[in-house]
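Biologist: Please take a close look at how the secondary-structure elements pack against one another here. I would like one connected account, with the cut-offs behind each term.

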Amino acid sequence: MNILIVYVHPSRKSYTFQVLERLKSVLAVEKWNVEISDLYASNFISDMTEEEYEREGFAKTQLPIPADVLKEQEKLEKADCVVFLYPVWWSDCPAKLKGWFDRVYSVGYAYGQNETSRKMKTLPLGLVICTAGHPNAFLNEIEIAQSMEKIMLEDRLGKRFENKEMLILGGTLELEKVMSEHFKLINQIPKKIKSQIYFQ
């Protein structure tokens, strides 16, 4: 089993980093291959260049794809499951992850395929895990949770993943009240992966 974690947070002092460490520990028990694409640590460039836009905006698939984008695409091609882990900032993922989708989901690969382009494989499972300050009940009440789920699961993951799920770890403004329950949910991730991939 090959797991790719696309991790997006600038600080090792964050709760999101604690979630990453717990996730790594529970996946290690399974002895699966785990690769982490840490977008801040690797200084992933989230802004599209003018040259990239020339390729994307006009579907010029014959133009080259930047090396850093190809590297991320190769990680996707090796993965059985992709976990996107990030904090909720202003009702969405950090800009660096949005830029990852802008650039890595290149034309001819993630969409707009033609006879000469390499099509992105359909991945068995995509898990979105995000930490949020407000409690889940409040995020549902004001329909931010539904908005985030629709954007991430239906658009960004879309038909590129056979199975997809979002786990919102809300209520972190009062962390001592929610951390134990959050970590129980993280502990169940390997079982979730097995059920979605092994038993289809």
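Modeller: Helices α3 and α4 are roughly perpendicular to each other, a label given to angles of 65 to 115 degrees, while those under 35 count as roughly parallel, those over 145 as roughly antiparallel and the rest as oblique. Helix α3 (residues 67–78) packs on helix α4 (residues 95–104) at about 90°, their axes lying 10 Å apart; axes are lines fitted to C-alpha atoms, for helices over the stretch in contact, and angles between N-to-C directions run from 0 to 180 degrees. This is a predicted model, in which local features need pLDDT of at least 70 and side-chain atom pairs count only at pLDDT 80 or more, whereas totals for chains, interfaces and linings use all residues. Residues are numbered from 1 along each chain as its sequence is written, and side-chain values use heavy atoms, leaving out hydrogens and water. Helices (H or I, at least four residues) and strands (E, at least two) are DSSP runs numbered from the N terminus.

From α3, Asp68, Val69, Glu72, Gln73 and Leu76 make the contact with Trp100, Arg103 and Val104 of α4, contact meaning heavy atoms within 4.5 Å. By class, four of these residues are nonpolar, one is polar and three are charged; Ala, Val, Leu, Ile, Met, Phe, Trp, Tyr, Cys and Pro count as nonpolar, Asp, Glu, Lys and Arg as charged, and the others, Gly among them, as polar.

Five strands, with parallel pairing, form an open sheet in the order β2-β1-β3-β4-β5, where two strands pair if DSSP finds at least two bridges between them. Strand β4 (residues 123–131) is joined to β5 by eight bridges, and leucine 123 has phenylalanine 161 in β5 as its bridge partner. Helix α6 (residues 144–157) packs on the sheet, touching β3 (81–87), β4 and β5, with its direction at about 155° to that of β5. Helix α7 lies across β4 and β5, running at about 165° to β5.

Back in helix α1, threonine 16 is buried, with a relative accessible area of 2%; buried means under 20%, exposed over 50% and partly exposed in between, using a 1.4 Å probe and protein chains only. Leaving aside residues up to four places away in sequence, threonine 16 touches Tyr7, His9, Leu85, Tyr86, Pro87 and Thr131.
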